[in-house]
Amino acid sequence: LARPVINEKEQNIESQLNPVIIAIDVSKSMMAIDIYPNRLEFAKNKVMAILENSKTKAIGVILFAKSSFLLSAVTQDFNSLKMLINNLDTGINFDNGTNIYSTIEATEKLLKEYSSKNLILLTDGGDENNFEEEIALANKNNINIYVLATATTNGSPIKENNGNFLTDKNKNIVNVKLNENIKELALKTNGGFINFSLNLDDINQILEDINLKSKKEDFNQKKYK
């Protein structure tokens, strides 16, 4: 019953990772149907693909429209992240708007302890003509911004939750296109811009660029017996 016993020894295991924040645009324009089944569902699927293909990263997720909302702080628990994203209710009426400035502020708070700061935006670009304030804020805080454009240049109507298309005050159906001005935000913040693809080429290029540019961080020191 006593049998030989070997005393346990502690080992310190450190994970070296590239922390990344993924921000999903949940504004009304993301319900446009130029990408099947709509831009928001397509963006959710892209995030799931990033989680499947990011083996050396710690990821946090933000939702943004007129304001930013934290879905998950930076974590390595991708199973929980997948559950949160799968259960994200796209029928929620977020205040309409695309506040990328607040998203960059939230990213800085989440990554303030890391030297490498990467933000991936999945968005149609909103309707801003000028992103100079956002560029200045990102560069001040050394945040590299990658934009994965989830919209087409031809655009499409927005299908509302009741199944009808969104109309303006004159009862004309609203058509929303990709705001190509968003390219400036990515190109002037040491990040990158890429249009969506139906395969994994888009996310693979972003992840590869992050790996090349970023310094891996000691994310979490865990003690195992």
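1. Some conventions come before the description. Angles under 35 degrees count as roughly parallel, over 145 as roughly antiparallel, 65 to 115 as roughly perpendicular, and the rest as oblique. They run from 0 to 180 degrees between N-to-C directions, and the axes are lines fitted to C-alpha atoms, for helices over the stretch in contact. The model is a predicted one, in which local features need pLDDT of at least 70 and side-chain atom pairs count only at pLDDT 80 or more, while totals for chains, interfaces and linings use all residues. Residues are numbered from 1 along each chain as its sequence is written, and side-chain values use heavy atoms, with hydrogens and water left out.

2. Overall make-up. The protein has six helices and nine strands; helices (H or I, at least four residues) and strands (E, at least two) are DSSP runs, numbered from the N terminus. Of its 225 residues, 47% are buried, where buried means under 20% relative accessible area, exposed over 50%, and partly exposed in between (1.4 Å probe, protein chains only). The accessible surface is about 12,300 Å², and carbon and sulfur atoms account for 45% of this; such areas come from the Shrake-Rupley method with a 1.4 Å probe, and for residues only the protein chains shown count as cover. Among contacts between residues at least 6 apart in sequence, 78% join residues at least 24 apart, a contact being heavy atoms within 4.5 Å.

3. Helix 1 against helix 6. Two packed helices are described by the angle between their axes and the distance between the axes. For helix 1 (residues 39–53) and helix 6 (residues 201–213), the angle is about 50° and the axes are 10 Å apart. The two helices are therefore oblique to each other. Helix 1 passes helix 6 in a right-handed crossing; a crossing is right-handed if the near helix is turned clockwise from the far one by less than a right angle, and left-handed if anticlockwise. Helix 1 contributes K46, A49, I50 and N53 to the contact, and helix 6 contributes D202, I203, N204 and L207. By class, these are four nonpolar, two polar and two charged residues. Ala, Val, Leu, Ile, Met, Phe, Trp, Tyr, Cys and Pro count as nonpolar, Asp, Glu, Lys and Arg as charged, and the others, Gly among them, as polar.

4. Helix 1 against helix 2. Helix 2 (residues 78–86) packs with helix 1 at about 175°, with the axes 10 Å apart. Helix 1 is therefore roughly antiparallel to helix 2. On the helix 1 side the contact involves K44, V47, M48, L51 and E52, which meet F78, L81, K82, I85 and N86 of helix 2. Six of the residues in this contact are nonpolar, one is polar and three are charged.

5. The loop between strand 1 and helix 1. Beyond neighbours within four places in sequence, S29 contacts R39, N96, D124, I158 and V176. P37 is found in the loop as well, and a cis peptide bond with omega of about -5° joins Y36 to P37.

6. Backbone points to check. Most residues other than glycine have a negative phi, and most peptide bonds are trans. N142, although not a glycine, has a positive phi of about 55°. N142 lies in the loop between helix 4 (132–140) and strand 5 (143–149) and is exposed at 53% relative accessibility. K171, also not a glycine, has a positive phi of about 70°. K171 lies in the loop between strand 6 (156–157) and strand 7 (175–176) and is exposed, with a relative accessible area of 67%.
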